[in-house]
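Welcome! Take a moment to look it over, and then read on.

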Amino acid sequence: MEYEAVIGLEVHAQIHTHSKMFCSCPVKPDTGNLEPNTYVCPICLALPGTLPVTNRHAVEMGMLAGLALNCTINPVNVFSRKSYFYPDLPKGYQISQYDLPLAVNGYLEVEVEGERRKIGVHRAHLEEDTGKLYHMEDGSVMVDFNRAGVPLLEIVSEPDMHSVAEVQAYATALHEVLVYLGINSGDMEKGVMRFEANVSVRPQGQEELGTRTEIKNLNSFRALTRGVAYEIERQIEVVEAGGAILQQTMGWDESEERTYPQRSKEFAHDYRYFPEPDIPPLEIETAWIEQVQAQVPELPLAKKRRLIATYDIRPYDANLLVSTQAIANYFETAAEQAREASIAPQEVANWITGELFRLMNESGQEITELSVTPEKLIDLIKLREAGTVSVTAAKQVLSEIFETGEEPKEAVERLGLVQISDTDALASVVQKVVAENPTQVGQYLEGKTQVIGWFIGQVMKATRGKANPQTARELLQHELEQARSEA
Ligand SMILES: [Zn+2]
């Protein structure tokens with residue numbers, strides 16, 4: 001029998017804000033060496049008598065995400081208490097949204113194996129992150145509340161996915177969108193985005209859903225896809241053997257690469273949700289929604305398609321170029337100028353995704369900080385295409401102006417990298433090289449014409465790399481054929 005998997009994802013994404021969800025404590029990136037329990041205050045430590053106040057910026061970022069995901073923003077939001085006990089949760093409950101979440105009924109368009117698909121977004125709601133537990137070697141457990149109260153957006157998909165490929169495509173696209181919008185830093189290693197997957201299987205063609213399990217602690221794309229793949233296979237095996245799937249919460253064992261039962265599934269009523277009495281309902285005016293809607297930019301997938309169609313660049317490069325808005329803007333500015341100079345935009349893409357990205361990685365600079373403006377990059381490509389400099393020299397110039405910020409032309413002159421394309425200037429060098437190497441000339445005359453490569457190398461050496469290789473080749477051919485007719 002054939003089985004179909006039905007998968008829904010819950011994604012917890014930290015919202016990139018200066019301060020926490022309900023207090024003014026700073027949100028610091030988890031670099032691993034922050035002093036524990038230093039970014040805390042009576043509110044996020046849940047001391048008696050404190051009053052939470054909602055972070056406006058976090059709400060706005062959540063709206064931006066919701067609108068980008070084609071959701072409807074609820075004009076009235078209610079924060080609720082989700083009660084459960086865990087040592088990393090100082091209040092004994094989490095402030096979350098239940099009945100009236102921030103955003104509902106949207107979708108995210110993804111590409112799965114080249115095909116477009118819409119994955120439904122059931123809801124996106126605001127909540128606060130928990131602290132972190134550290135299990136020490138001596139068996140003791142330490143708690144750090146620096147993360148307690150950091151704004152989270154929980155995005156719940158519809159159970160619209162049926163394969164690991166779809167899960168991967170959705171999770172990656174969501175990550176891409178949130179990073180692109182500046183809502184999330186995207187740094188998966190720092191736990192800023194975590195996944196939970198609801199998985200069930202049913203015989204192909206059956207309408208009714210199978211019993212589902214929920215896999216927790218999926219903290220990387222790898223864990224997500226492996227966890228889902230494992231769980232699908234496990235459920236099919238159980239069903240085939242005549243067993244029944246229990247509705248329960250599973251953990252993911254990273255080292256053993258398997259899911260394991262954690263506890264029987266909680267139901268919503270176990271959390272005893274009720275409206276948070278300390279926070280009045282949040283009323284979101286239409287004008288505010290419209291204002292945020294106007295900030296929703298063209299999203300990466302749409303932008304990627306447009307860049308390919310407009311500039312005729314390779315999909316691979318387009319993918320890299322839409323990784324942030326700033327990079328995409330840089331490329332578009334440069335590509336427009338390239339067209340005016342009759343340079344193929346693909347050439348510009350090559351320079352950006354190749355040499356420029358390499359230099360940015362090495363220096364840790366963002367594209368907005370670069371002294372190499374799109375204008376300068378185009379000037380450099382022009383020098384290269386006009387044959388003024390060789391490819392090697394152009395790369396050298398780029399890393400030079402990356403440091404100095406000078407005009408490419410100035411750097412080329414200062415470094416003496418102007419390529420010798422002038423036939424008269426090169427002819428004497430070529431004649432000299434041919435005259436000084438009778439053995440290789442002999443080889444050429446015997447039919448080993450590939451020795452011309454060696455001659456080009458000699459010309460390069462004599463000109464310290466400045467000879468135009470094409471001109472050198474033509475001159476050498478001419479000179480060697482001359483030798484043949486004289487022989
Ligand atoms: Zn605080």
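This is a predicted model: local features need pLDDT of at least 70, side-chain atom pairs count only at pLDDT 80 or more; totals for chains, interfaces and linings use all residues.

What joins β4 to β15? Strand β4 (residues 79-83) and β15 run antiparallel and are joined by 2 bridges. You can find one place to look at S80, whose bridge partner in β15 is P275. As background, strands of a sheet pair through backbone hydrogen bonds, either parallel or antiparallel.

Next, follow the chain to strand β8 (residues 132-135) and strand β9 (residues 141-144), an antiparallel pair joined by 4 bridges. Here K132 stands opposite D144 in β9.

## Helix α3

Helix α3 covers residues 221-240, which makes 20 residues. From first C-alpha to last it reaches 29 Å, close to the 28 Å expected at 1.5 Å a residue. Which residues of α3 are buried? They are A223, L224, G227, V228, Y230, E231, I232 and Q235. Just after α3 comes G242, with a positive phi of about 85 degrees.

## Two asparagines with positive phi

Most residues other than glycine have a negative phi. N37, although not a glycine, has a positive phi of about 55 degrees. Look for N37 in the loop between β1 (3-14) and α1 (56-68). N37 is partly exposed because 14 other C-beta atoms lie within 10 Å.

N105 is not a glycine either, and its phi is positive, at about 55 degrees. This residue, N105, lies in strand β6 (residues 103-112). N105 has 14 C-beta neighbours inside 10 Å, so it counts as partly exposed.

Stepping back, the domain assignment of the chain gives domain 1 (3-292), domain 2 (300-414) and domain 3 (423-486). How far apart do the C-alpha centres of domain 1 and domain 3 lie? They are 68 Å apart.

One last stop is T333, in helix α7 (residues 325-340). T333 counts as partly exposed because it has 16 C-beta neighbours inside 10 Å. In sequence, T333 and E375 are 42 residues apart, while in space they are 8.3 Å apart, C-alpha to C-alpha.

Conventions. Residues are numbered from 1 along each chain as its sequence is written. The expected span of a helix is 1.5 Å times one less than its number of residues. A residue is buried if 20 or more other C-beta atoms lie within 10 Å of its own, exposed if 12 or fewer, and partly exposed in between; C-beta atoms are placed from the backbone. Domain bounds come from an automatic or database domain assignment. Two strands pair if DSSP finds at least two bridges between them.
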